[in-house]
Every structure is written in C-alpha cells, then in structure tokens.
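Good morning, and thank you for joining the group meeting.

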Amino acid sequence: MARWLLIAALVLVALFGVSQLVIPTVAEHRIEDRLTDGGGTADVSLQAFPAARLLFGDGTKLSATGSGLDLPLQQQGSVFDKLDGFDRVSVNLTAFHAGPFAIANFDLTRPAPSAPYHLVYSSRTTPGDLAQYGAGRLGLPGGPLLRFFTDQALGGNRPIPIHLDMELRSDGGRVVVVSGGGTVAGFPTGPLAELITSTIAVRL
C-alpha cells in the first residue's frame with residue numbers, strides 16, 4: 001500500500017511539473033496568435049503558480065510585446081476582464097495599426113493588483129483614413145471629438161496627432177479614467193482611450 005501511495009504521489013508531482021511547463025506555453029501561443037492574426041510579431045509571457053490558475057484568467061504576471069500588428073477596432077463593455085486577474089500587467093506594442101489609427105506606441109502597465117493601469121499612447125490618423133473606415137464603425141460617442149473628426153474630413157487631409165497619458169481603473173472590467181488625459185487638438189479623448197484599449201485587451 002505504501003508503495004502504491006508513493007507511486008501515486010510521484011505521478012501527481014510529475015503531472016504538476018508538466019502542467020507548469022505546458023499550460024503557460026499553450027496560453028502564450030494562443031494570445032500571440034490572436035494578436036498577430038492580421039500580421040506582425042508578438043511575444044507573450046505568462047506567470048502563475050500553480051499554472052492551472054491561467055485556465056481561469058488568473059495569474060502573477062502578463063507581459064506582451066509586439067510590432068507591425070494590424071488590428072480591427074473592437075469595442076467591448078468589460079475592457080479589463082482579461083487583465084484584472086493578473087497581479088502585474090505590462091503590454092507594450094509599437095508601430096502597428098488599429099483601424100484608421102497608425103499607432104507609434106501603446107504602453108499599458110499595472111505594477112500591483114491595487115494600483116491603477118497606466119496608459120501611454122501615441123498615434124496619428126488622417127481625415128481620409130477616418131472617412132474610409134467609416135465614422136459609424138469607430139465606436140466613438142457623439143460630441144466635440146466626433147464633430148472635430150468630421151470637420152477635419154471636410155477641411156483637408158492633414159495628419160491628426162493623438163497623445164494619451166492617463167491612469168485608468170477597472171470598475172467591474174469597465175474603464176474609468178482616474179487622472180491624466182490626452183487631447184486631439186484640445187478635445188478630451190477618454191472614449192478613444194477606451195476604444196483602443198478594448199481593441200488590444202480583447203485579444204489578451
């Protein structure tokens with residue numbers, strides 16, 4: 001009996017060791033595939049102990065880097081659902097496209113579970129790109145920002161720079177701007193920050 005118990009214990013230890021290697025690797029590759037579905041490269045690292053936590057969207061750290069991606073814009077209500085379960089988050093993507101936006105840098109970090117997310121984002125678009133994509137597909141609510149885009153589309157095709165630097169909190173997965181901000185020619189960009197963050201977070 002003691003020998004069988006020892007064998008069973010060894011088998012469980014072996015399975016545990018294998019799961020620590022296999023589960024993160026499979027999960028990392030799935031995220032990389034979602035990010036690079038339209039092209040580009042991505043590298044994802046997941047940490048969790050035990051690794052089975054990852055099966056429930058829970059872990060110690062999620063880290064992702066990438067460039068050259070081509071992502072369709074995608075709006076969802078619970079933007080941070082896939083990130084809130086991780087103690088630390090670091091997502092840095094460079095030189096990629098999301099819908100009509102040419103994004104130089106998207107950097108989203110959270111150093112601890114109780115800390116807010118810090119978003120730094122820099123991109124540009126043109127009225128022509130916005131018109132081609134279609135205002136109705138942008139997911140932006142009405143108001144000054146959308147009117148500004150419309151006026152620019154009628155008045156020329158100059159590049160429109162967009163810069164964001166803000167702290168965000170999750171309210172049941174929903175984005176809440178805590179501090180900081182960003183502008184598009186002086187107009188607030190909270191809805192745009194939520195849209196871009198959602199486009200990326202949904203693939204993590």
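Let me begin with a term. A nonpolar core is a set of buried Ala, Val, Leu, Ile, Met, Phe, Trp, Tyr and Cys residues joined through side-chain atoms within 4.5 Å; buried means under 20% relative accessible area, exposed over 50%, and partly exposed in between, with a 1.4 Å probe and protein chains only. This is a predicted model, in which local features need pLDDT of at least 70, side-chain atom pairs count only at pLDDT 80 or more, and totals for chains, interfaces and linings use all residues. Residues are numbered from 1 along each chain as its sequence is written, and side-chain values use heavy atoms, with hydrogens and water left out.

The largest nonpolar core holds 42 residues, and V91, F106 and I196 touch the most other members. Two or more residues come from each of α1 (2-35), β1 (41-47), β2 (59-67), β4, β5 (101-110), β6, β7 (160-171) and α4 (190-201). In soluble globular proteins, nonpolar side chains tend to be buried together. Beyond its neighbours within four places in sequence, V91 is in contact (heavy atoms within 4.5 Å) with L62, A64, F106, D107, L108, I200 and L204.

Now the chain as a whole. The protein chain has four helices and nine strands; these are DSSP runs, numbered from the N terminus, with helices being H or I of at least four residues and strands E of at least two. Their order along the sequence is α-β-β-β-β-β-β-α-α-β-β-β-α. Of the 204 residues, 37% are buried. Among contacts between residues at least 6 apart in sequence, 64% join residues at least 24 apart.

Which residues form the aromatic pair? F80 and Y117 do, and the pair is stacked, at 4.0 Å centre to centre with 10° between the planes. Rings of Phe, Tyr and Trp (its six-membered ring) pair if their centres lie within 6.5 Å; planes under 30 degrees apart count as stacked, over 60 as edge-to-face and the rest as tilted. F80 lies in the loop between β3 (70-71) and β4 (86-98) and Y117 in strand β6 (residues 117-125), so the pair ties together parts that are 37 residues apart in sequence. Both F80 and Y117 are buried.

Strand β6 also contains S123. Is S123 buried or exposed? S123 counts as buried because its relative accessibility is 5%. Its side chain makes a polar contact of 2.8 Å with that of Y121; such a contact is a pair of N or O atoms within 3.5 Å, where, within protein, one must be able to donate a hydrogen and the other to accept it, and residues adjacent in sequence count only if both atoms are side-chain atoms.
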